[in-house]
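Okay, thanks everyone, let's get going.

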Amino acid sequence: MAVIYSPTWFNPGDTNLGAGTSATPANTDSGYDWLTGASTGTGSSLTAYQKAMLDLKAAETARLATGGQNAYNYTVDLLNASRQPFAGTLEEINKQEQEQRGFVQQQQTNLLQQIADRLAQSQALTTAGYGNLRTALEQNAPRAFQEAQGAMPTITQNALAQYMQAQGASPEAVQPELNRLNAAAAGSAANYNSLLNVLRGAEQAGQASRLAEAQMGGNLAQQQLQAIYGTQTAGVERGVLEALANIAAQSSAARIAAENARRQRSEALENALAALLARGVVAQPVPPPGSQTTTQPPTTTRTGSTTQAPATTSQELLDRGVISPQTSPEIIEAILSNPTIDPGIVSAALAQNISPQLLDDLVNRSSMGTNLLMPGQMYMF
Amino acid sequence: MNAYEKFLAETRGQRPILQLQEAAFTTTPFGGLGEVPKLTSSYARRGLTGQNVSSGVYKNALESYARNRARQLGYATTDLAEQLRGFDLRSAGLRQNMERGLSDLESIKAQQISEDAKALLNLR
């Protein structure tokens, strides 16, 4: 947005050309003749001193004008440059942001790949471990009771049979007792074999249970590995999101800081321009770079029949002889803002060392046809 | 240990059986007669047995002795067999414990591999 600079006002002391003299100046056309002291009779030494002071003041004013203009031009150039966006800075910020995002994404890829690799290794280990366990369990099934010897019924031999037969006794008399004993032995063996069968069943059940336990252990281990993998993957994703958010926040803050710096620089330069204008070292208000300059339409002077466009610059006033190089910027400003003012009034104002506000009042009255500033008179306002 | 105990038990169990078997006809270490000759001679002194002599009393006594001897031998043999079965059962139990221990070792090893796999995956 373009800013229209308005001129600032001067210190009245800067236009202390008359040094508050009480001598009545002679009625001259230029308004400066009275300073020569030729018609006042106040002494040549005072006149020479005032002349010297005027020369010094004029030289100072010229230096200030030249330096001010140079400072103004330089500041305007800087301001124009500062109004351009900080392309290099923004480009660097964008580049860094892209690099950081790329780094984070590469880290994410690497971490996920590492986690996936470890998962594959862990799954292979777990599968191999529980596979070996199952093989070992199957190849080394408990067979202690399976292979235990069953009991055989005891057969009691009758060693006396032949002797008894020789003695005329019947060996068959012993047979009932032998049958009873064999039955008891067979019952004992059957009980033992039943016990073995029970133990063999428990043995087989234990084997099946252990195999199932191994299978469940393997499945549980695989599920735990998957859970760990999921947790780690989620952690990586969360970390990546946080990192990307931080990068975005840092980049945004960097852009805002760059924009603030640019604005502060522009404001500082604008303040410097304003200060230059306020000091009055620049001849006229200068529109800021990029702003539209308005030109006033030509008007006729009030005194002549010939038409002449009003002066719009101090240089034109100087060329026309309306002002001198020593004329203060405030007076020039007043003339430029009121093209119909009588330069004599301005000269009188110079002689009276009046304030800018009073000068405006005089200009207004002059435009109404009342010439209140007549040479040789003291005006009290 | 179990095998040695079984050996000792078998030795001790066979001893009464052998004694019962030998006691029928074998003389004692001090020159005494076996149980059967002793029984026969006691009935012979009473004229209840001998050449051309056959009495029912002697036959009954001999059959009764034979039944008692068979019973004692049967009991001894059964006791020994049951005692040996006990050792066999104990041996089977010990073997089962060993096999279970080996299976436990395999399970622990597989579980340790699983824990190592989890630790490996946890490395970051």
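This is a predicted model: local features need pLDDT of at least 70, side-chain atom pairs count only at pLDDT 80 or more; totals for chains, interfaces and linings use all residues.

If you take the contacts in chain B with a separation of 6 or more, 53% of them come from residues 24 or more positions apart. As for the surface, chain B exposes about 7,600 Å², with carbon and sulfur atoms supplying 56% of that.

Now the interface. Together the two chains bury about 4,200 Å² between them, and 63% of that is on carbon and sulfur atoms. On the charged side, the rule finds 3 salt bridges across the interface. Here's a salt bridge to look at: A:Glu177 with B:Arg71, where the closest N and O atoms are 2.9 Å apart.

Next, the cores. The largest nonpolar core has 15 residues, and among those with the most contacts inside it you'll see A:Leu160, A:Met164 and A:Val174 along with B:Leu39, B:Leu62 and B:Tyr65. Which elements give two or more residues to this core? Those are helix H2 (35–45) and helix H3 (56–122), both of chain B. The largest share, 6 residues, comes from H3(B). Then there's a second, separate core of 11 residues, including A:Leu119, A:Leu225, A:Ile228 and B:Ala117.

Staying with chain B, let's go out to the surface. B:Met98, B:Leu102, B:Leu105 and B:Ile108 form a nonpolar patch there, and together they have about 420 Å² of accessible area. Pick out B:Leu102, which sits in helix H3 of chain B. Is B:Leu102 buried or partly exposed? With a relative accessible area of 47%, B:Leu102 counts as partly exposed, because that value falls between the 20% and 50% cut-offs.

Last stop, over on chain A. A:Gln315 lies in helix H5, residues 314–320. A:Gln315 has a relative accessible area of 44%, so this residue is partly exposed too. From A:Gln315 to A:Pro325 is 10 residues along the chain, and their C-alpha atoms are separated by 9.4 Å.

That's my tour, so over to you for questions.

Note on methods
Residues are numbered from 1 along each chain as its sequence is written. Chains are lettered from A and ligands numbered from 1 in the order in which they are written. Side-chain values use heavy atoms; hydrogens and water are left out. A nonpolar core is a set of buried Ala, Val, Leu, Ile, Met, Phe, Trp, Tyr and Cys residues joined through side-chain atoms within 4.5 Å. Buried means under 20% relative accessible area, exposed over 50%, partly exposed in between (1.4 Å probe, protein chains only). Helices (H or I, at least four residues) and strands (E, at least two) are DSSP runs, numbered from the N terminus. Patches are made of residues with over 30% relative accessible area and no salt bridge: like charges are joined within 9 Å, nonpolar side chains (Val, Leu, Ile, Met, Phe, Trp, Tyr) within 5 Å. Accessible areas come from the Shrake-Rupley method with a 1.4 Å probe; for residues, only the protein chains shown count as cover. A salt bridge is a side-chain nitrogen of Lys or Arg within 4 Å of a carboxyl oxygen of Asp or Glu. Buried area is the accessible area (1.4 Å probe) that two parts lose on being put together, summed over both. Contact means heavy atoms within 4.5 Å.
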